[in-house]
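Here are my comments for a colleague who is meeting this structure for the first time. Please keep the sequence and the three-dimensional view open while reading.

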Amino acid sequence: MTTLSLPRRRLATAAVATATLALLAPSLATAQAAYPNKAIKLVVPYAPGGSADIAARLITDEWGKALGGSLFIENKGGAGGNIGVDMVAKAAPDGYTIGLQTVSLAINPGLTARMPYDTLKDLAPIGMVASSQHVLVVNNTLPAKNLKELIALLKAKPGQYSYGSAGAGSTFHMSAELFKAVAGTPIVHIPYRGGGPAMIDTMSGQVALSFPVLSAAQPHVQAGKLRALGVTGTRRSPLMPDVPTIAEAGLPGYAFETWFIVFAPAGTPKPVIDKLNTALNQALNTPALKERMAKDGFDPLPSTPEQARARLEKEIPQWARLIKERGITAE
């Protein structure tokens, strides 16, 4: 009797489960078709004022219009963006909590020994957003007037000057560490909980220099509160046409640009991901948003979710290798 009753119980349980799923399927399909029926939280894993925050605030209105809903931003800084990203990874996979991160999403796995989430397993890419350059800015009291003078000053006084970043693993951090490696200049890293605080302390002289995103730094450079010595990309920026690239200014071989990506928790239904992606790409192609992004130094990067995932899969090992080779740490 015992050997016959156990399979029957299992069969009965399986039958109940199948029936339950069959009953739930129409309601799940209806919920996905009605998505979104409430506001969507867009988590930015840095403090207000940094590049990720600016990118998020640029896209939310047009994205919401295209989606037929609304998005609101929640800044959750700390640990180089890992705290905010982990918040999204552990959220309900219903499309109502999503995140926006920089290239740090590909950098952090190689930089952080114990990640609180698995980038490729715990996140579902929605699409790429944009790319942008950073700019090397210094405090006005610093005697260096150009890049060559700055490098000479840093080499003459090793370890006496510091730079501010938006946190370990942030684009501020990586662009500065690449600069240190290529120039051979020892500079102390001071991580902050976002790009805004790092730039404020650069202006006040708490740190000597930083590598903010162009759009965030431009007003302060124009107001004379910061001195721009070079942009990080391979070409000059229309936002600062008189500022040379760092390579142009005397450090050949240096180049750094960042990109921005939006993502949801793994397990988010594909129809929801596709709806978010379609609306995002529609927003990125609107003339009004293109114009606003250009004014802030961003180049739109429409993509499919699959292309966004492929970029992560390609760049995670590339950054891990570079971090190891250059001995970059998340101190």
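This is a predicted model: local features need pLDDT of at least 70, side-chain atom pairs count only at pLDDT 80 or more; totals for chains, interfaces and linings use all residues.

1. In overall make-up, the protein has 12 helices and 11 strands, and its C-alpha atoms fill a box of roughly 90 × 50 × 30 Å when taken along the principal axes.

2. Of the 331 residues in the protein, 52% are buried. The accessible surface comes to about 14,400 Å², and 58% of that area belongs to carbon and sulfur atoms. Among the contacts with a separation of 6 or more, 79% are accounted for by residues 24 or more positions apart.

3. Rolling a probe the size of a water molecule over the atoms shows where empty space is left. In this structure there is one cavity of 30 Å³ or more, and about 60 Å³ of space lies in the largest cavity. The elements that give two or more residues to its lining are α2 (51-67) and α7 (171-183).

4. To find this cavity in the view, look for its lining residues, which are Y46, G50, S51, A52, T102, A166, S170, T171, F172, G194 and G195. By class, the lining of the largest cavity divides into four nonpolar and seven polar residues, with no charged residue.

5. Among the open spaces, the largest pocket has a volume of about 230 Å³. This pocket is lined by 13 residues, and those closest to its centre are A255, F256, E257, E315 and W319. Two elements, β10 (257-265) and α12 (305-326), are the ones that give two or more residues to the lining, and α12 gives the most, with five residues.

6. What classes of residue make up the lining of the largest pocket? The lining of the largest pocket divides into seven nonpolar, two polar and four charged residues, whereas the lining of the largest cavity has no charged residue.

7. The second largest pocket holds about 160 Å³ of space. Its lining consists of Q133, L214, R235, R236, S237, P238, L239, A294, G297, F298 and D299, and by class these divide into five nonpolar, three polar and three charged residues.

Conventions
Residues are numbered from 1 along each chain as its sequence is written. Side-chain values use heavy atoms; hydrogens and water are left out. On a 1 Å grid over the protein atoms alone, a cavity is a set of points where a 1.4 Å probe fits but cannot get out, and a pocket is an open set with protein on both sides within 12 Å along at least five of seven lines; lining residues have an atom within 4 Å of a point. Grid points are joined across faces, edges and corners, and a volume is the space filled by probe spheres set on the points. Helices (H or I, at least four residues) and strands (E, at least two) are DSSP runs, numbered from the N terminus. Ala, Val, Leu, Ile, Met, Phe, Trp, Tyr, Cys and Pro count as nonpolar, Asp, Glu, Lys and Arg as charged, and the others, Gly among them, as polar. Buried means under 20% relative accessible area, exposed over 50%, partly exposed in between (1.4 Å probe, protein chains only). Contact means heavy atoms within 4.5 Å. Accessible areas come from the Shrake-Rupley method with a 1.4 Å probe; for residues, only the protein chains shown count as cover.
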